[in-house]
Amino acid sequence: MKLLTILSGVVSLAATVLAYSNPLPCSGTCTNAHDPSLIRRTSDGTYFRFSTGGGIAVHTASSAQGPWVYKGQVLPNGANVNNAGKTDLWAPDVSLVGNTYYLYYTASAFGTQNSVIGLATSSSMDVGTWSDKGSSKMFII
């Protein structure tokens, strides 16, 4: 009986750990959100969503649920990388280090296994403020 109680507790704990809350409804532009990276700007609380496609789509909102508004692209003219897929960027990841936002992205031609990782930086995350650093074997922050 004691073993059954322990097993029941373990199963219950595992179910709790593996469960996740249902996301709240999204409003505004909720499509075009493949491989999203979500971050909140510390200066004014604005949420930024970066997602796969073109030169990395940028959407902003006052809350994580929206309303999301499309603002443009991080790199509308493509990336500064030596790769055929430099205009089809995907899987962005954004982090704040000090006073600089770092956005890592992947560039590759669709259907190939020849990819590079690039880096763009900005002090505000606003469209038009990103500086593309291109790709390298290693970036040190």
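This is a predicted model: local features need pLDDT of at least 70, side-chain atom pairs count only at pLDDT 80 or more; totals for chains, interfaces and linings use all residues.
Of the 141 residues in the protein, 34% are buried. For contacts between residues at least 6 apart in sequence, 38% join residues that are at least 24 apart.

Turning to the sheet, strands of a sheet pair through backbone hydrogen bonds, in either a parallel or an antiparallel manner. Here, four strands form an open sheet in the order 5-6-7-8, and their pairing is antiparallel. Strand 5 (89-97) and strand 8 (131-135) are at the edges; each has a single partner strand, so one side of each is left without a neighbour in the sheet. From one strand to the next, the twist averages 20°. Strand 5 and strand 6 (residues 100-108) run antiparallel and are joined by seven bridges. Within this pairing, L89 stands opposite A107 in strand 6.

A pair of aromatic rings is described by the distance of the centres and the angle of the planes. Searching the whole structure gives two aromatic pairs. In the pair of F48 and F50, the ring centres lie 6.1 Å apart and the planes meet at 10°, so this pair is stacked. Both residues fall under the 20% cut-off for burial: F48 counts as buried because its relative accessibility is 2%, and F50 counts as buried because its value is 0%. F50 also pairs with W130, this time edge-to-face, with 5.8 Å from centre to centre and 85° between the planes. This pair links distant parts of the chain, since F50 belongs to strand 2 (residues 47-51) while W130 lies in the loop between strand 7 (115-122) and strand 8, 80 residues apart. W130 is itself buried, with a relative accessible area of 9%. Through these ring pairs, F48, F50 and W130 are linked into a cluster.

One further ring contact involves a charge. The charged end of R49 sits over the ring of W68, at 5.0 Å from the ring centre.

Methods:
Residues are numbered from 1 along each chain as its sequence is written. Side-chain values use heavy atoms; hydrogens and water are left out. Buried means under 20% relative accessible area, exposed over 50%, partly exposed in between (1.4 Å probe, protein chains only). Contact means heavy atoms within 4.5 Å. Two strands pair if DSSP finds at least two bridges between them. Helices (H or I, at least four residues) and strands (E, at least two) are DSSP runs, numbered from the N terminus. Axes are lines fitted to C-alpha atoms, for helices over the stretch in contact, and angles run from 0 to 180 degrees between N-to-C directions. Rings of Phe, Tyr and Trp (its six-membered ring) pair if their centres lie within 6.5 Å; planes under 30 degrees apart count as stacked, over 60 as edge-to-face and the rest as tilted. A charge sits over a ring if NZ of Lys or CZ of Arg is within 6 Å of the ring centre and within 35 degrees of the ring normal.
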